[in-house]
Every structure is written in structure tokens, then in C-alpha cells.
Amino acid sequence: MIFLSHLISGISLGSIYAIIALGYTMVYGIAKMLNFAHGDVIMVGAYICFFATMSYGWHPIMGVLLSMVVCTLLGIVIDRLAYKPLRQAPALAVLITAIGMSYFLQNSAQLLWTSSPKVFPSVIGNGSVKLFDGALAIPHVTIVTIVVCLVIMSGLVFFVNKTRVGKSMRAVSEDKSAAQLMGINVNSTISMTFAIGSALAAIAGVLLCSAYPTLTPTTGAMPGIKAFTAAVFGGIGSIPGALVGGILLGIVEIFAKAYISTQLSDAIVFAVLIVVLIVKPTGLLGKKISEKV
Amino acid sequence: MLRVENLNVYYGMIHAIKDISLEVKKGEIVSLVGANGAGKTTTLQAISGMLKPRSGSVQYLEHNLLTTPPHQIVKHGLAHVPEGRRVFAQMTVLENLEMGAYISKDKERDKKNLDRVFAHFPRLEERKKQLSGTLSGGEQQMLAIGRAMMASPDMLLLDEPSMGLSPLLVKEIFKIIQELNQDGMTILLVEQNAKKALSISDRGYVLETGKIVLSGNAAELLENDAVKKAYLGG
């Protein structure tokens, strides 16, 4: 029963990683860059929701919506100001800019909201569902997290495969110049990807802080790195890969904490990543691109 | 219909296209022939906005293409079938064709265009659910042309449609180019296969290390001794 309880916590934590990983993987797929500021957008999202509900007494749902709007705009602005001027620049320049942007967001948050931790209100409530005569208690947060993750995943898979705009995103991710010849505006497609990724980051931020209620300006950093790991683990650029990678990573982390060592859990998570990459360099569901000449 | 004047393109320090001027009139097939590296592809890329020329002008109908955002060029009715086909390998044949019609808001016309593409290329209809990365080279070329047709263009820029294809397929592709032209499509054709290209063209330009060295009536170019010697194998 303990095992089952750990497994469910793992899936729940993994769902949060998966939602964050989506942002990494979609931006990588479209813009071919690693947006290391993505983790910090999560933190901004959590702060926005915190202030909306705690300081202004908004309903949690409204708080989440507001934080999605703010993060969407933030994502678009980050892309416009920091990354768009570097579209033709070497990948390393973009990477360093992204790391800089990450610190910029963290330091701005420190300046605006100080580094003293805020106790995040439980947006979802503290109840739990009891199963097996109370032997297994699953918190509501856990259930909501898993359900939200599944809804987001299916929504995105539908969007990308069935809608005109979603298909144009896939076209851009495969071949920017060819997509442009079709009349697709590559820059606005990239903007839209940042917007979607950042809106999801807002949701992830709220879920993360509902499960682990301490909010500081660096709250997003570690989950961001781990979600990036999850994206690579699942195969970067692949949406189902983000789901699989995120959930597996969450399970590994919780099991490592429960059965091996709390201190070593992060090291174990990254060790698993390294092993997977040695065996399968493209990640679990990563595509090997083969081109006919 | 398309008028290029004094076009200059640089790759860094390299002066790739030197003062090229050319013209394509409505209803014509014009070919741009020359050896590998002469600048044929570069010229087409500069016309369709894939590359930024340093100077010159590109006028298509009433549009100045050098000031038009590249993704809007196809809206004006000029479609480019790029070198190496560049089909979206991870998308199905049908999805590729849908992308070709990305700018269109007229569902009925899309349907008609799709039927027209399938009429020209029955093989694509058989494989419409297949990922285009799994198609053969010839089928990918058909898809690339079909995809461009989906935008209902008035003019096509075709870059090396015969590259890497068997003689039989080359023949088929050239036949289709002629059919498209008979249906009213204006075509600027870039080819290494000069003989084949000139034989279906109205006029031709011969490009050599970034400069136009000869131009004129396609039939006359085919008879020109210098052209014969350099590009037509004696």
C-alpha cells in the first residue's frame, strides 16, 4: 500500500514535470533553442496567483487564469526582447541569453517580492480521497494534478495534429524556410509557441506550489532543470515524450527518496538520465530524422 | 510578370550573384541553366525571399518582392518549389498538401486544387496517409510540386525538379511541367539538365559563376555552339 501511495505521488510530481517539460520541448521543437528561463516563468506564475488570491482575495480559479494571462504575455515579451534579435545567432549565444534571462527573472522577483518564502495557499483544498478503508489516502491536489496533466496533453496532441495552426507549428519545427514558402509567418509561430508554453508554466507553477507550498524567487529553478531533463529523457521536441519523460522522472525521484536516500534523490534522477542517453541518445520517444536525397 | 534587375547577392565576402537581370512574361516557361555552383538556386532564393540580396530589384506584377515579408510572397501568387524538395517528412502527404494551401481561406478551391493535384499525381492519392519522409525521391518531388499547386499560384519557381530522379521519372516530371504551363501557369525553371529544360522552354538564360553569359530563345540556345559545348555534352 505504501508502494502504491509512492507510485501515485510519483505520477503526480511527474505530471507537473511533464507540463513544464512541454514548454521546453515545444520551444525547442519550433525555435531550436533551450529556454532556460522557462523554470522561472513558473515561479512568476505562482507569485501572480499567490498575490491574486492572498492579497486581493480572488477566487483561486481567477487567480490561475490571471497568472496564465500574465505568463503568456511574459513569454511573448521574453521572446521578442531577448531571443528574437538572436534568431540568426549561434546557438551558444542564445543559450547564454536564456541563462541570463533566467537570472534576470529570479533577481527581479527578489527585488519585487523579496526572498522571504511565502506560504502558498492551497488552491485546491486539503482534503483527500480515502481508499481501502483508509489505508490509502490520495490528496485532492494529487488527483487534480494528474487530471489537469492528462487534459493538457490530450488538448495539445489534438491541437498539434488536427488544427491548421497546430499543423503549421509542426511544419515550422521541421523546416522553417519551407514553412515560410507556404506563407506561414515563422516569427508569429514562434511567439505563439512561447505563449502556449508560458501559459502551461503558469498552471504548473500553481500545481507545484499547491503540492509543495513554499514559494521563493528560486522556486522554479530546480523543477525547471528537472523538467528539462524530463524533456530530454522523453526525447526533446516530442510532446508524448514530455509526458512519458516527466512521469517516469517523477516516479524515479519519489522512489529514490522513499527507498534509497532523500539526499541522493536528485543525483539518482540525473544518473538515470545519463544512462538513458547513453543507451538511446535521442531519448525514449525521440525521432531520428532521416532525410532522402 | 517577373522582372529581376541588377540583382547582387553576397554570402559573406563571396559575391555569389553579380548584377543579374532577367524577365519572365506571363504564360512563358523560362529556364535558368548553368553548371553546379553557378548561382541558379541562389537567384531563386533571392526572388522568393529565402535570401536577402544586397542590391537590385525584384518586381512581381505590381509587388516589390524585396520589401515584401517573405511569408507573404506566396499570397501574391508566386510559389517556390525549393531545391531538394523540402517536404515536411514527419507529416503525411495530405498534411503537406494542406500546408501548401495554408494561405487559402477558400475551402472549395482547396478541394478543387487537391483533385487537380491528385489528377496530375495519382501516386500521391494512393499514399495520402503516408508520412512523406517514407516516399521515394520522385514521389517527394511530385509532392513538392503538388504542395506548391495548392496555393493556386500564377507562377512557379521550380528548382532542380529532376535532381536525383531516374530518366523515366524526369520525363514524367517535365511532362507535368508542360501540362501545368498549358493550363496557364508561368514557370521559371532552374535546371542542371540544360538540354531537357531548354527543350520545353520558351526562353533561357545561361548562368556562369554568378553572371548571365547568354540569353535568348530556347531553341536558339539549344543550337548555340558555346552552350552545346559547355552544357549539352558536345
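The buried residues of helix α6 of chain A are covered by elements that include α1, α5 (140-162), α7 (176-181) and α8 of chain A, together with α2 (93-100) of chain B. In this predicted model, the buried residues of α6(A), which spans residues 164-174, are Gly166(A), Lys167(A), Ser168(A), Met169(A), Arg170(A), Ala171(A) and Val172(A).

In one salt bridge, Asp175(A) pairs with Arg86(B), with the closest N and O atoms 2.6 Å apart.

Within chain A, helix α8 (residues 186-211) also packs with helix α2 (residues 38-54), at an angle of about 60° and with the axes 7 Å apart. The crossing of α2(A) and α8(A) is right-handed. From α2(A), the contact is made by His38(A), Val41(A), Ile42(A), Gly45(A), Ala46(A) and Cys49(A). The residues contributed by α8(A) include Gly197(A), Ala201(A), Gly205(A) and Cys209(A). By class, this contact has 10 nonpolar residues, 5 polar residues and no charged ones.

The loop between α1 (2-31) and α2 of chain A holds Asn35(A). Asn35(A) counts as buried because its relative accessibility is 6%, and the cut-off for buried is under 20%. Apart from neighbours within four places in sequence, Asn35(A) is in contact with Tyr24(A), Val27(A), Tyr83(A), Ala98(A) and Phe194(A).

Definitions and conventions:
Residues numbered from 1 in each chain as written. Chains lettered and ligands numbered in written order. Predicted model: local features only at pLDDT ≥ 70, side-chain atom pairs only at ≥ 80, totals over all residues. Heavy atoms only, no water. Axes fitted to C-alpha atoms, helices over the stretch in contact; angles between N-to-C directions. Helix = DSSP H or I, 4+ residues; strand = E, 2+ residues; numbered from the N terminus. Left-handed = near helix turned anticlockwise from the far one by under 90°. Contact = heavy atoms within 4.5 Å. Nonpolar A, V, L, I, M, F, W, Y, C, P; charged D, E, K, R; others polar. Buried < 20%, exposed > 50% of the residue type's maximum accessible area, 1.4 Å probe, protein only. Salt bridge = Lys/Arg side-chain N within 4 Å of Asp/Glu carboxyl O.
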